[in-house]
Amino acid sequence: MKKISSLLLSFLLTVCSLISQMTTVGAATEITSPSAIVMEASTGQIIYAKNAEERRSPASITKIMTLLLTFEALSEGKISLTDSVITSDYAAGMGGSQVYLESGEVQTVETLIKCITVASANDASVAMAEYIAGSEGAFVDLMNNKAVSLGMVDTHFEDCCGLTDSDTHYSSAKDVAIMSRELITLYPEIFDYTGIWMEDITHVTSRGESVFTLSSTNKLLKSYPYTTGLKTGSTSRAKFCVSATARKDDMEMIAVVMGCENSADRFTEAAVLLNYGYSVSSLYVDENLYTLDSLEVTGAIERNVEIAYRGAFRYLDTENRDLSKIIKSFELPDTVEAPVQEGQVAGYAVYSLNGQELGRTEIIYSATIKKASLWDFYKYVFSAFCCLR
């Protein structure tokens with residue numbers, strides 16, 4: 001009898017395990033591409049992954065890093081959208097996907113961004129790289145440095161556009177998702193460009209003016225209603241790739257598919273991943289906008305110090321739990337002893353559900369409070385006495 005009970009228990013555990021695996025993978029089992037991932041953008045949480053750390057040729061999704069560094073340069077005031085960029089002989093000579101810039105042709109930074117995001121133009125990418133860093137080689141160094149700083153351990157770039165057919169130019173689905181997340185969360189204005197389906201630019205050369213129509217390479221813009229971007233890529237080595245971004249119900253998803261056998265499949269599978277991500281995910285957000293009570297300070301002239309949240313708290317649930325039952329508590333001292341430094345951590349807001357901690361956000365000091373000396377106290381008392389007189 002005991003043996004039968006043991007076998008029955010083992011069977012039930014196996015069934016439960018299989019059900020759990022089915023629930024976890026769900027519709028994503030339809031993915032046939034060799035490498036894929038879906039990530040929620042605000043938290044960076046991975047919802048599904050398949051060989052996501054496998055190093056593969058990224059083709060033109062390389063340009064996500066080029067765009068990230070471009071928008072970083074814009075935010076730092078190093079360049080502006082209206083700057084004029086002169087196309088070099090080298091940039092004009094790029095093959096592959098291009099907008100046929102001519103040597104000496106002048107285009108604005110904004111126009112080049114459109115050429116990169118909409119038409120995946122290699123010539124525009126190199127022109128932008130040269131404008132920011134002086135040469136494509138110097139720009140690639142910046143790309144690799146940024147990859148290291150983002151923890152992209154399975155990435156190394158040899159060019160700024162993905163045209164290189166080399167074993168030493170590689171990335172992974174996970175790393176592509178990481179740099180995609182960095183781009184869209186820091187610079188959401190990228191969507192002003194990645195959402196363009198068709199737009200005309202004007203070539204002005206020694207032969208006069210001519211109109212060139214940019215046509216988006218991202219077919220999801222027409223086939224998947226929540227699409228916001230981001231970048232496609234294809235070469236004979238990389239096959240067909242896409243980093244797809246979407247926004248639905250105030251939730252942003254990133255789906256990366258690499259190594260598809262044909263162009264249509266990459267978009268179909270990206271849509272499957274995005275649908276799967278939305279179907280299993282619920283996002284809890286506490287913006288932490290209200291003012292916190294100040295803390296009492298000892299050892300200083302000031303009696304209190306203001307505190308504030310470091311930022312919002314976000315938690316992504318993929319287990320269909322009731323997020324309305326999340327409890328928020330505080331870990332803060334009753335008093336603090338000077339000195340305290342503005343920006344220093346004072347404590348935490350802690351979020352839990354059914355007794356399990358989900359995460360926490362820092363609470364920081366809003367001001368610097370110096371430790372008072374005996375002379376400081378003497379001056380304070382003397383000043384107060386003079387005021388009483």
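L358 counts as buried, at 15% relative accessibility; here buried means under 20% relative accessible area, exposed over 50%, and partly exposed in between (1.4 Å probe, protein chains only). That residue makes a handy starting point for a walk through this predicted model, in which local features need pLDDT of at least 70, side-chain atom pairs count only at pLDDT 80 or more, and totals for chains, interfaces and linings use all residues. Residues are numbered from 1 along each chain as its sequence is written, and side-chain values use heavy atoms, with hydrogens and water left out.

## Starting at L358

L358 lies in strand β18 (residues 356–365). Helices (H or I, at least four residues) and strands (E, at least two) are DSSP runs, numbered from the N terminus. What does L358 touch, not counting residues up to four places away in sequence? The list is F313, Y315, R321, I326, Y351, S352 and L353, where contact means heavy atoms within 4.5 Å.

## The whole protein

Stepping back, the protein has 11 helices and 18 strands. Of its 389 residues, 46% are buried. Among contacts between residues at least 6 apart in sequence, 63% join residues at least 24 apart. The protein exposes about 19400 Å², and carbon and sulfur atoms supply 52% of that area; accessible areas come from the Shrake-Rupley method with a 1.4 Å probe, and for residues only the protein chains shown count as cover.

## Two nonpolar cores

A nonpolar core is a set of buried Ala, Val, Leu, Ile, Met, Phe, Trp, Tyr and Cys residues joined through side-chain atoms within 4.5 Å. The largest one has 61 residues, and M65, F71 and L183 touch the most other members. Elements giving two or more residues to this core include β1 (35–40), α2 (63–75), α7 (173–186) and β9 (251–260). Helix α2 supplies the largest share, 8 residues.

F71 touches I113, L183, Y187, E189, I190 and Y193, leaving out residues up to four places away in sequence. A second, separate core has 25 residues, including I47, Y224, L274 and L316.

## Rings and a charge

Now for the aromatic rings. A pair of aromatic rings is described by the distance of the centres and the angle of the planes. Rings of Phe, Tyr and Trp (its six-membered ring) pair if their centres lie within 6.5 Å; planes under 30 degrees apart count as stacked, over 60 as edge-to-face and the rest as tilted. By this rule the count comes to 9 aromatic pairs.

Y290 and Y309 form an edge-to-face pair, 5.7 Å centre to centre with 80° between the planes. The pair links distant parts of the chain, 19 residues apart: Y290 is in the loop between β10 (282–286) and β11 (295–298), and Y309 is in strand β13 (residues 307–309). Y290 counts as partly exposed because its relative accessibility is 46%, while Y309, at 9%, counts as buried.

Ring pairs also link F71, Y187 and Y193 into a cluster. Elsewhere, the charged end of R360 sits over the ring of Y348, 5.0 Å from its centre; this label needs NZ of Lys or CZ of Arg within 6 Å of the ring centre and within 35 degrees of the ring normal.

How many disulfides does the structure hold? It holds 0, with a disulfide being a pair of cysteine sulfur atoms within 2.5 Å. Two cysteines show the distances involved.

| Cysteine | Cysteine with the nearest sulfur | Distance |
|---|---|---|
| C161 | C160 | 4.9 Å |
| C241 | C260 | 7.8 Å |

C161 is buried, at 1% relative accessibility, and C241 is buried with a relative accessible area of 0%.

A121 is in the loop between α4 and α5. Is A121 buried or exposed? A121 is buried, with a relative accessible area of 0%. Its contacts beyond four places in sequence are K63, S97, Q98, V99, C115 and I116. A121 and S60 are 61 residues apart in sequence, yet 8.9 Å apart in space, C-alpha to C-alpha.

Y131 is found in helix α5 and is partly exposed, with a relative accessible area of 33%. Leaving aside neighbours within four places in sequence, Y131 is in contact with I79, D83, S84, V85 and V109. Of these, V85 is 46 residues from Y131 in sequence and 6.6 Å away in space, C-alpha to C-alpha.
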